[in-house]
Amino acid sequence: MAELGKKYCVYCLAEEDMAAHVGASRTPQEVMEHYVSMYIHGNLGKACIPDTIPNRVTDHTCPSGGPLSPSLTTPLPPLDISVAEQQQLGYMPLRDDYEIEYDQDAETLISGLSVNYDDDDVEIELKRAHVDMYVRKLKERQRRKNIARDYNLVPAFLGKDKKEKEKTAKRKITKEEKELRLKLRPLYQFMSCKEFDDLFENMHKEKMLRAKIRELQRYRRNGITKMEESAEYEAARHKREKRKENKNSAGSKRGKEDGKDGEFAAIEHLPAFELLSDREKVLCSSLNLSPARYLTVKTIIIKDHLQKRQGIPSKSRLPSYLDKVLKKRILTFLTESGWISRDAS
């Protein structure tokens with residue numbers, strides 16, 4: 001303090017001497033302001049005084065907010081939660097601590113340490129290593145708290161963040177973006193919440209710009225060079241697409257109707273076609289079986305079934321063109337239709 005006061009007195013005397021040398025028209029304060037503006041902040045000062053002062057030590061190993069930054073151990077303001085929620089989390093607001101912290105047994109590294117006068121160098125260095133390990137664990141604990149506070153993980157755990165997100169939602173997040181956010185969750189520990197949100201906002205802007213560029217390139221390919229012409233082009237394109245869609249839908253309906261009529265084209269001109277029901281027509285068409293042969297097989301099967309029910313022994317007299325697959329399909333159809341009972345099939 002004495003040295004500082006001495007320098008201040010010398011500085012004041014220099015001002016007074018300069019003011020006396022200039023004359024009574026200038027006060028010491030005016031002389032000082034003129035000197036600073038003309039010689040320090042003027043062209044002479046810019047040319048002579050360096051922008052960065054050399055030989056000044058800068059700590060590059062611990063940037064603010066970095067993994068080993070001293071700012072990580074700075075306590076945060078307590079969480080704004082109710083008493084019931086504090087008890088649920090085991091949170092102590094006055095200490096900003098939890099009953100169960102990250103690396104709960106970290107304090108055991110230093111709990112048994114004591115400083116003794118007869119410690120040798122090895123013991124002193126060992127105790128310093130224990131303290132350093134403990135400090136690193138404290139920084140990691142605080143870093144995790146900062147991440148949880150920055151990304152609102154506590155309100156998310158309590159279910160409070162949904163309403164806040166609905167109020168502050170700027171745009172609707174797509175399903176693809178939600179999946180990408182889940183995949184990039186490990187980046188939470190390296191990026192702040194704002195940086196993470198800015199990343200996805202920039203990705204969304206990039207996607208929109210790419211879509212706009214493709215749209216403009218499409219306009220140029222179609223000979224449109226002014227934005228005023230694009231509205232007329234879009235209206236005409238919309239009409240063309242709607243007309244094409246209506247044409248396709250009409251064609252598909254007509255195809256369905258034609259298909260329904262043409263489904264039985266192979267058997268509709270054969271004898272006994274008009275005696276079949278719609279389901280029997282479908283069955284004969286799928287089996288590639290003529291209506292007359294189907295009716296013959298159907299008559300024989302039903303007749304044999306009735307004779308068995310009356311206790312009359314009957315011998316199967318099915319035609320030779322009926323193989324096992326056709327017989328099984330016809331028996332199943334007749335059973336489902338109720339012509340014969342299930343035990344007979």
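1. First, a definition: buried means under 20% relative accessible area, exposed over 50%, and partly exposed in between, with a 1.4 Å probe and protein chains only. Keep in mind that this is a predicted model, where local features need pLDDT of at least 70, side-chain atom pairs count only at pLDDT 80 or more, and totals for chains, interfaces and linings use all residues. Residues are numbered from 1 along each chain as its sequence is written, and side-chain values use heavy atoms, with hydrogens and water left out.

2. H12 has 19 residues and reaches 27 Å from its first C-alpha to its last, close to the 27 Å expected at 1.5 Å a residue; the expected span is 1.5 Å times one less than the number of residues. After H12 comes Gly 311, with a positive phi near 85 degrees.

3. Now the core (a nonpolar core is a set of buried Ala, Val, Leu, Ile, Met, Phe, Trp, Tyr and Cys residues joined through side-chain atoms within 4.5 Å). The largest one has 20 residues, and those touching the most other members are Leu 287, Tyr 294, Ile 301, Ile 330, Leu 334 and Ile 340. H11, H12 and H13 each supply at least two residues of this core. Have a look at Ile 330: leaving aside neighbours within four places in sequence, Ile 330 is in contact with Leu 287, Leu 289, Tyr 294, Val 297, Ile 301 and Leu 322 (contact means heavy atoms within 4.5 Å).

4. On the surface, Tyr 35, Met 38, Tyr 39, Ile 40, Leu 44 and Ile 49 form a nonpolar patch with about 570 Å² of accessible area together. Patch residues have over 30% relative accessible area and no salt bridge, with like charges joined within 9 Å and nonpolar side chains (Val, Leu, Ile, Met, Phe, Trp, Tyr) within 5 Å; the areas come from the Shrake-Rupley method with a 1.4 Å probe, and for residues only the protein chains shown count as cover. Helix H2 (residues 28-40) gives the largest share of the patch, four residues. Ile 49 sits in the loop between helix H3 (43-48) and helix H4 (83-89), and is partly exposed at 43%.

5. The structure holds 18 salt bridges (a side-chain nitrogen of Lys or Arg within 4 Å of a carboxyl oxygen of Asp or Glu). One of them pairs Glu 107 with Arg 141 (3.2 Å, N to O). This pair links distant parts of the chain, 34 residues apart: Glu 107 is in the loop between strand E2 (97-98) and helix H5 (121-150), and Arg 141 is in H5. Glu 107 is partly exposed at 31%, whereas Arg 141 counts as buried at 11%.

6. Two other bridges sit within helices. Glu 140 and Arg 144 meet at 3.0 Å, N to O, and both lie in H5, four residues apart, about one turn of the helix. Lys 194 bridges to Asp 198, with the closest N and O atoms 3.0 Å apart. Lys 194 is exposed at 58%, while Asp 198 is partly exposed at 32%. Elsewhere, salt bridges that share partners join Arg 218, Glu 234, Arg 237 and Glu 241 into one network.
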